[in-house]
Amino acid sequence: MSNDTKWICGVGAVIAGLASVHVAAQTGASAQPATAGAPPALTLDAFRGDGAACYDRSTQPQTTVVDSHLHFRPFGGPAVPFEEIVQYLEATGVLFANVYGIGQMLPASSPCTYYLDCPGTPLAPTLRNDFVNAANAVVKTPEGLHLTLAMTFPDLADPDSILEGMELLDAEYPGLFRWMGEVNLVKQAVFANGRGPVPAEAIGGWAGFMAVLRERGIAIAIHSDLGNEEEPTLYLPLMEQVLDAYPDNPIVWVHMGLSRELTTMDPARHAALMTSMLERHPNLMLDITWRVLDDAYFSTPEGRAAYVPFLNAHSERILPGTDFLASRDKDFDVYREELEVNSRILGHLDDEAFRNIALGESYFRLLGLDYEAPRVCGE
Ligand SMILES: [Zn+2]
């Protein structure tokens with residue numbers, strides 16, 4: 001039996017558990033293994049301001065405590081169970097995470113788990129993952145972890161369907177979804193699966209659901225490829241159109257527009273473009289998740305020279321995470337490695353930027369959460 005059917009049986013428990021999702025433990029017992037000589041792992045108590053100990057970067061992990069981009073559901077096939085992903089977080093010191101489904105799924109009848117293995121098989125947006133995640137989150141979120149449910153169902157090319165979907169989620173899980181995304185504006189990797197760029201004409205039709213997001217103070221995280229090796233800024237006008245049309249919505253541009261189709265752009269040119277975007281669009285945030293960014297950009301000498309000053313200068317606009325995708329062929333070692341790779345650049349940042357990005361301050365402010373990142377010792 002799939003998880004997709006389990007949630008229907010659990011509505012009673014779901015309702016009973018509603019209050020617990022966003023309520024963190026006062027003294028969350030940590031499941032982290034104690035390492036000899038290592039400082040004790042952080043708990044949510046370290047994020048409650050007054051009296052919290054400072055964070056010692058020389059002895060404590062350089063990995064992020066926030067995974068703002070974590071897909072708890074795969075494109076198709078079996079998923080890593082929710083409770084297992086939660087264990088990954090506990091074991092790696094991640095205390096805050098966004099619970100993403102996946103924007104577009106393979107048909108339930110498809111044997112595929114990854115769309116790139118099955119070109120020609122259509123991907124389609126669905127509410128299925130969001131319901132499964134909500135059902136799991138309300139009863140399986142351990143104390144000591146703060147999870148934020150994300151609506152990943154929206155089809156940006158069919159805006160009329162988005163308010164309908166939000167109403168369905170509201171009816172079952174009122175107030176629980178505090179994030180929208182990752183949703184796709186243009187993703188070249190899925191072109192072969194029948195998902196082209198969202199037509200520019202559709203963007204004006206977002207006004208209704210974008211207004212609801214503003215009322216609720218919910219950010220929307222958008223996957224929008226900047227371009228490809230031949231034309232690095234080919235799709236920039238689409239993102240510009242969205243930012244111009246909805247200047248008052250908090251919008252998160254995931255992966256800073258980078259992708260496997262764009263691994264060779266000049267880092268200085270890209271960082272300069274991102275700087276100009278942030279300056280012109282005050283509600284724009286950037287997500288620096290996905291190991292492609294470290295592999296192709298952050299880990300090279302030119303990349304580090306361009307991005308470390310950029311991230312230091314704009315750290316209150318930057319969100320960290322992994323972009324881990326919970327298909328059953330993955331395990332803890334994959335999550336741990338993706339967390340380490342995605343966090344590698346963070347170790348090079350100054351203390352203020354480290355606090356804003358790795359210790360969660362930027363994330364807390366965007367979400368309006370009642371947490372405060374600990375000060376870095378000596379800052
Ligand atoms: Zn993603």
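# Sheet, helices and buried residues in a predicted model

A221 stands opposite V252, a residue of strand β6, and three bridges join β5 to β6, which run parallel. Two strands are taken to pair if DSSP finds at least two bridges between them. The structure is a predicted model, in which local features need pLDDT of at least 70, side-chain atom pairs count only at pLDDT 80 or more, and totals for chains, interfaces and linings use all residues. Residues are numbered from 1 along each chain as its sequence is written.

**Overall composition**

- The protein contains 14 helices and nine strands; helices (H or I, at least four residues) and strands (E, at least two) are DSSP runs, numbered from the N terminus.
- Of its 379 residues, 47% count as buried. A residue is buried if 20 or more other C-beta atoms lie within 10 Å of its own, exposed if 12 or fewer, and partly exposed in between, with C-beta atoms placed from the backbone.
- Among contacts between residues at least 6 apart in sequence, 80% join residues at least 24 apart. Two residues are in contact if their C-beta atoms, placed from the backbone, lie within 7 Å.

**The sheet**

- The nine strands form an open sheet with parallel pairing, in the order β8-β7-β6-β5-β4-β3-β2-β1-β9.
- β8 (318-319) and β9 (324-325) are the edge strands, each pairing on one side only.
- Four bridges link β2 (residues 96-100) to β3 (residues 146-151) in the parallel sense, and A97 has L147 of β3 as its bridge partner.
- Helix α4 (residues 128-140) lies across β2 and β3 and runs at about 160 degrees to β3. Axes are lines fitted to C-alpha atoms, for helices over the stretch in contact, and angles run from 0 to 180 degrees between N-to-C directions.
- Helix α8 also packs on the sheet, where it touches β4, β5, β6 and β7 (284-287), and its direction makes about 145 degrees with that of β4.

**Strand β6 and I251**

- Both sides of β6 carry buried residues: I251 and W253 point one way, V252 and V254 point the other way, and all are buried.
- I251, a residue of β6, is buried because 24 other C-beta atoms lie within 10 Å.
- Leaving aside residues up to four places away in sequence, I251 touches I220, I222, V242, L243, Y246, N283 and L284.

**Helices with a buried face**

- In α8 (residues 236-245), the residues L238, M239 and V242 are buried. Seen down the axis of α8, the buried residues fall within an arc of 95 degrees, so they line one face of the helix; the arc is that of the directions from the helix axis to the C-beta atoms.
- P237 and D244 are exposed on the other side of α8, while its buried residues pack against β4 (177-186), α6 (200-203), β5 (220-224) and β6 (251-254).
- Helix α10 (residues 291-298) has L293, D294, Y297 and F298 as its buried residues. They span an arc of 110 degrees when seen down the axis of α10, so they too line one face of the helix.
- The cover over the buried residues of α10 includes α9 (267-280), α11 (301-313) and α12 (332-343).

**The α5–α7 helix pair**

- The axes of α5 (residues 160-172) and α7 (residues 207-216) come within 7 Å and cross at roughly 40 degrees.
- By class, the contact has five nonpolar, one polar and no charged residues. Ala, Val, Leu, Ile, Met, Phe, Trp, Tyr, Cys and Pro count as nonpolar, Asp, Glu, Lys and Arg as charged, and the others, Gly among them, as polar.

**Backbone geometry to note**

- The peptide bond from G181 to E182 is cis, with omega near 0 degrees, and E182 has its place in strand β4.
- M256, in the loop between β6 and α9, has phi near 50 degrees, a positive value in a residue other than glycine. M256 is buried, with 22 other C-beta atoms within 10 Å.
- W290, in the loop between β7 and α10, likewise has a positive phi in a residue other than glycine, near 95 degrees. W290 counts as buried because it has 24 C-beta neighbours inside 10 Å.
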